[in-house]
Amino acid sequence: MSGNKQEEDPRINGIKTKIRVVPDFPKKGIMFQDITTVLLDPKAFKDTIDLFVERYRDKNISVVAGIEARGFLFGPPIALAIGAKFVPLRKPKKLPGETIFEEYELEYGNDRLEMHVGAVEAGDRALVVDDLIATGGTLCAAINLLERVGAEVVECACVIELPELKGRQRLKGKPLCMLVEYR
Amino acid sequence: MFAAENGLKGDPRLEAISAAIRVVPDFPKKGIMFQDITTLLLDHKAFKHTVDIFVDRYKDMQISVVAGVEARGFMFGPSIALAIGAKFVPLRKPGKLPGKVISESYELEYGHDCLEMHVDAVEPRERVIIIDDLAATGGTLSAAISLMESQGAEVVECACVIGLPEVKGQHKLKGKPLYVLVEPSGLDKF
């Protein structure tokens with residue numbers, strides 16, 4: 001179900017009002033979407049997790065992959081609730097075991113996302129989680145990592161989407177579920 | 001204090017948790033036997049046991065804040081916070097938090113590092129637990145305690161999945177108790 005926003009659900013507005021926008025961070029012109037204020041509100045945080053859990057609990061998801069570091073705030077609670085493994089996708093040199101990596105573009109230069117070899121198996125059904133989708137570059141790298149080991153990416157899940165950056169189109173045809181748009 | 005000495009002696013969940021942790025020799029450098037909790041996160045039952053043990057311990061202690069140290073503290077803290085109805089506060093490396101922050105530096109083997117927290121995250125007299133995956137020297141946890149106390153909050157306990165031997169002797173960090181589930185494991189997972 002592509003482009004699905006949980007429009008009707010009354011919990012969405014409660015979450016949206018808890019997101020703090022910080023102007024000019026990390027640099028001038030960027031309106032940073034700060035989700036730490038959602039985490040400070042137990043009800044809003046619980047609602048966020050519940051919305052994703054309700055969506056995915058019956059979809060036979062075996063892996064929730066979370067993108068460092070804010071994906072680690074949402075991914076594990078979802079994984080625990082739906083009975084899936086949690087796999088952290090990390091910046092270079094953080095994971096101690098044997099890893100595979102995928103490069104992705106930044107505004108200036110490249111970065112890498114790494115995953116442990118053996119964490120995800122062929123045939124695993126995966127969900128990729130991050131707090132926000134902007135250009136989609138990081139999520140695309142995550143999808144590539146999972147597909148390279150033979151997993152099927154079922155969907156990407158983000159709390160916030162910045163639709164003007166068109167990240168949704170960079171997900172290799174995978175659907176995106178997000179809760180809140182910021183324009 | 002170790003969970004096995006504090007009410008959970010013989011609890012099979014502790015054995016499952018310990019067995020799920022992978023040791024990676026010589027990471028990040030020679031001589032270090034790195035305790036890799038990513039294999040614990042791959043074992044849904046053992047991961048759930050980990051969270052459940054902490055939740056059972058803290059749910060009736062009127063804890064209003066769970067603070068997690070970046071990044072592996074983020075993998076355990078939020079689930080605990082959600083289950084006990086507390087706020088989750090991330091304690092981060094410098095420059096990551098977008099709002100106004102306070103910071104506390106702490107010593108590494110060579111040099112020092114810094115932990116930051118948003119100034120509006122905790123209020124005076126809030127009851128806090130601080131979570132990380134592992135306690136070694138206690139330096140990071142001590143910095144975290146300082147951050148909390150600078151805001152007038154009360155750290156009730158520090159909690160880690162793994163406690164290194166050097167931590168066993170010192171049950172208290174800056175006078176605060178430390179609660180640990182398991183000692184380091186010694187077996188390869190995969």
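A polar contact is a pair of N or O atoms within 3.5 Å; within protein, one must be able to donate a hydrogen and the other to accept it, and residues adjacent in sequence count only if both atoms are side-chain atoms. This is a predicted model, in which local features need pLDDT of at least 70 and side-chain atom pairs count only at pLDDT 80 or more, while totals for chains, interfaces and linings use all residues. Residues are numbered from 1 along each chain as its sequence is written, chains are lettered from A in the order in which they are written, and side-chain values use heavy atoms, with hydrogens and water left out.

Between chain A and chain B, eight residue pairs are in polar contact, both residues being at pLDDT 80 or more. Helix H4 of chain A (71–82) gives the most to the side of chain A that touches chain B, namely six residues; helices here are DSSP runs of H or I with at least four residues, and strands are runs of E with at least two, numbered from the N terminus.

The interface also holds one salt bridge, in which the side chains of A:Arg20 and B:Asp120 meet at 3.2 Å, N to O; the rule asks for a side-chain nitrogen of Lys or Arg within 4 Å of a carboxyl oxygen of Asp or Glu.

Just after H5(A), A:Gly150 takes a positive phi of about 90°.
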